[in-house]
Amino acid sequence: MRIRCPHCGLRSHAEFSYGGDARRQRPAESNADAAVWSDHVFLRDNPRDVHEEYWQHTHGCRVWLQVTRNTATHAISAVSIAADKSESPCNEDEQ
Amino acid sequence: MRYSVWNLARQALRGHRHWQPAWRDADPAKHYDVIIIGGGGHGLASAYYLARNHDVGRIAVIEKGWLGGGNTGRNTTIVRSNYMLGNNTDFYEWGMKLWEGLSQELNFNVMLSQRGQFNLCHSDAQMDAARRRGNIMRAHGIDAELIDASAVASALPYLDYRDSARFPIYGALYQGRAGTARHDAVAWGYARAADQLGVDIIQNCEVTGYSFQGERVTGVHTSRGHIGAGRVGIAVAGNTGRLAGMAGLRMPIESHVLQAFVTEAVKPCLDHVVGFGASHFYISQSDKGGLVFGGDLDGYNSYAQRGNLPLVEDVIESGVALMPWLSRARLLRHWGGVMDMTLDGSPIIAPTPVDGLYINGGWCYGGFKATPASGWCFAHLLAEGQAHALTEDFNLERFANGRVLDEKGVGPVAWAH
């Protein structure tokens, strides 16, 4: 499996660290509902299909990427720099 | 037909033309009292113990492919009971006790080989951790011995015991009753024994959804039509997230790929199960002669049943660091299985929020060795509607209420367990 880093080009995934599901939205710090936090920390969609996920190019430019990858085939259909994505990993609306 | 020396001789004299199939290839009936989804070791063991220990009426196991085609046939066949948190300790030991009588129980040779397992320690800190684990095991009546380097050296003379070794060996935690079993035989043995107790085993039947009456599950939609059920148990580790998702449930599980390896057959050279403490690596030699080993997960969500090459390199580097002579063996095959990695690294055998739907999954690395105990306890859950005393901790609520069973202490990162 190789990931096309926007800075470094096509590189082996061994250079990258996995960061997991990129669709998870961290609840606002002000949210005191324990059930919301435990859902965020412990529950996953875990699709057998297209999966949005974070990878960091640890042994390269160290940028965090958002990768669109199919978990059934490992085929990668899109790679972008995570910071450029409009969706924030933190749910700011609630703040 | 009972398997025995007498029957073997009788069939031999008749030219081996009259052996019966080990189980019926059943067609689905309209309705069962209990349906178990998943014809691997866990599903078949659950059906067997359900029929043997409980009175629940008609039972079916439905399997999308063939029996034992998932992780039952993809593991490194190690059985042991060296866990230390909550129910894990006694649950895996109950499994070990069931393993010890399993061939007689099932009248099927599961080739249990209690050759002993060494978990090597390479630092004082690891010796301390091993002492703690060993003491917990012994307090629960499980055999464990903390042995020093000279005792390890007399049993495993082929390792490097010099102080200058890259990973010097300080000692090991040894469980003499641990060992290996023939993985396929476990599925086949349970299937045959369950079939003899009247369980319908339905292969090539994929579940596509559930039917409900109000909040209660009333059956499963499958590629071979609807099958009604009083209760439905999911035993599909690797795919628990998907099967639970069909009922609208989200699970504390990610699916990850774990690779395993076997070399060409060589003469007997490795008499035990050996676990490396400085890197994640475990190895044993099969009865056929192949060196069977494995290591870490690949480390990213996957349902692909195959991994990537960087992990192959990583596992083999670990192996060669421990046993340099491994570099002379040629790799015959390697394969991947899909693990249900729970967010605390411990399994789930529990009712779900959906009435009539029960889950057995989240086995992480522990699935194969757990097969008999898992079946025993899941059968209890399916029959009684509440957890067996050995699996009360394996519930879904533990994640929300803070009672997680995190043996490794790494926190909620599925691929780190």
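## A salt-bridge network in chain B

Glu93(B), Lys97(B), Glu100(B), Asp143(B) and Arg177(B) are linked in a network of salt bridges; a salt bridge here is a side-chain nitrogen of Lys or Arg within 4 Å of a carboxyl oxygen of Asp or Glu. By that rule, the count over all chains comes to 23.

Before going on, some ground rules. This is a predicted model, where local features need pLDDT of at least 70 and side-chain atom pairs count only at pLDDT 80 or more, while totals for chains, interfaces and linings use all residues. Residues are numbered from 1 along each chain as its sequence is written, chains are lettered from A and ligands numbered from 1 in the order in which they are written, and side-chain values use heavy atoms, with hydrogens and water left out.

## Pairs that bridge the sequence

Take Asp27(B) and Arg224(B), whose closest N and O atoms are 2.7 Å apart in a salt bridge. Asp27(B) is in the loop between α1 (5-13) and β1 (31-37) of chain B and Arg224(B) in the loop between β10 (216-222) and β11, so this pair ties together parts 197 residues apart in sequence. Helices (H or I, at least four residues) and strands (E, at least two) are DSSP runs, numbered from the N terminus. Asp27(B) is exposed at 57% relative accessibility, whereas Arg224(B) is partly exposed at 34%; buried means under 20% relative accessible area, exposed over 50%, and partly exposed in between (1.4 Å probe, protein chains only).

Asp200(B) also has a salt bridge, this one to Arg58(B), with the closest N and O atoms 3.2 Å apart. Asp200(B) sits in strand β8 (residues 200-202) and Arg58(B) in the loop between α2 and β2 (59-62) of chain B, so parts 142 residues apart in sequence are tied together. Asp200(B) is buried at 5%, and Arg58(B) is partly exposed at 43%.

## Around Ala229(B)

Ala229(B) belongs to strand β11 (residues 225-234) of chain B and is buried, with a relative accessible area of 4%. Leaving aside neighbours within four places in sequence, Ala229(B) has contacts (heavy atoms within 4.5 Å) that include His31(B), Tyr32(B) and Val217(B).

## Where the chains meet

Chain B and chain A bury about 2,200 Å² between them, 53% of it on carbon and sulfur atoms; buried area is the accessible area (1.4 Å probe) that two parts lose on being put together, summed over both. Arg250(B), Asn301(B) and Tyr303(B) supply 31% of what chain B buries against chain A, more than any other three residues. The contact takes 25 residues from chain B and 23 from chain A.

The rule finds two salt bridges across this interface. In one salt bridge, Arg44(A) pairs with Glu254(B), the closest N and O atoms being 2.7 Å apart.

## Chain A and its His13

Chain A has one helix and six strands, running β-β-β-α-β-β-β from the N terminus. Of its 95 residues, 42% are buried.

His13(A) is in the loop between β2 (9-12) and β3 (17-21) of chain A and is buried, with a relative accessible area of 7%. Not counting residues up to four places away in sequence, His13(A) touches residues of both chains, among them Met1(A), Trp55(A), Tyr300(B) and Pro310(B).
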